Amino acid sequence: NSYYAMGSFWATHGNKAKAYQNFVKSEQYAKTASDQIQIGIARLGQANIQDDFSQKISKYQQAIKIFEKQKDTLYLIRVHLNIGYVYQLQSLKEGLSKSQKEQSIKNMYQHFNDAERLNKNFRDPEMDALLNYRKGEWEYTNGNYNKAMNFFKQAETLFYNLGKMEWVVYC
């Protein structure tokens with residue numbers, strides 16, 4: 001719907017307040033139309049621009065429930081990749097206790113593994129590329145440069161074959 005498009009527009013232009021307002025309106029519109037997929041997509045948009053970790057995770061988990069009920073595998077994979085990445089970033093924050101850091105890492109792996117498991121049958125090369133990229137980031141951050149390079153090379157090849165040159169540059 002147009003509210004979602006406006007939310008995406010404002011998000012890419014750095015106006016999180018307007019983006020969030022439009023994503024909420026998108027969800028409201030989708031509810032009146034009983035469009036569950038669009039409700040999930042709107043919540044995904046809301047989560048993507050949240051700064052608060054708990055609220056971000058909550059919105060992603062809400063989206064996961066919707067996409068599971070609707071059997072929308074592509075969006076399920078996307079949400080698992082996003083939430084895994086959020087846990088990855090969370091694990092790197094200063095001031096976390098050892099157990100909080102370990103839990104974030106465990107959650108990261110759980111969601112990346114869920115994305116990988118779902119994509120084994122779905123076979124979307126872009127999702128494979130994103131997963132390899134995220135794993136490469138994790139390995140690089142942890143000083144496992146050879147492992148990171150292997151993941152980045154796999155991602156680069158997939159992104160190149162998909163014509164996603166902006167991602168090839170990142171790899």
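Predicted model: local features only at pLDDT ≥ 70, side-chain atom pairs only at ≥ 80, totals over all residues.
Four nonpolar, five polar and one charged: that is how the residues lining the second largest pocket divide.

The lining takes in Tyr4, Ser8, Ala11 and Thr12, then Gly14, Lys16 and Phe23, and finally Gly45, Asn48 and Ile49. Which helix gives the most to this lining? Helix 1 does, with four residues. Helix 1 spans 2-12, and at least two lining residues each also come from helix 2, which covers 16-32, and from helix 3.

Now let's turn to the largest pocket. Here we have about 630 Å³ of space. The lining has 22 residues, and those closest to the centre of the pocket are Asn48, Tyr60, Asn82, Tyr85 and Arg134.

Which elements give two or more residues to the lining of the largest pocket? They are helix 3 at 36-49, helix 4 at 53-70, helix 5 at 73-91 and helix 7 at 125-141. Helix 5 gives the most, with eight residues.

And how do the residues of this lining divide? Twelve are nonpolar, three are polar and seven are charged.

One thing to look for on your own screens, then: find helix 3, which supplies at least two residues to the lining of the second largest pocket and two or more to that of the largest pocket.

Methods:
Residues numbered from 1 in each chain as written. Heavy atoms only, no water. 1 Å grid on protein atoms, 1.4 Å probe; cavity = no way out; pocket = protein on both sides within 12 Å on 5 of 7 lines; lining within 4 Å. Points joined across faces, edges and corners; volume = space filled by probe spheres on them. Nonpolar A, V, L, I, M, F, W, Y, C, P; charged D, E, K, R; others polar.
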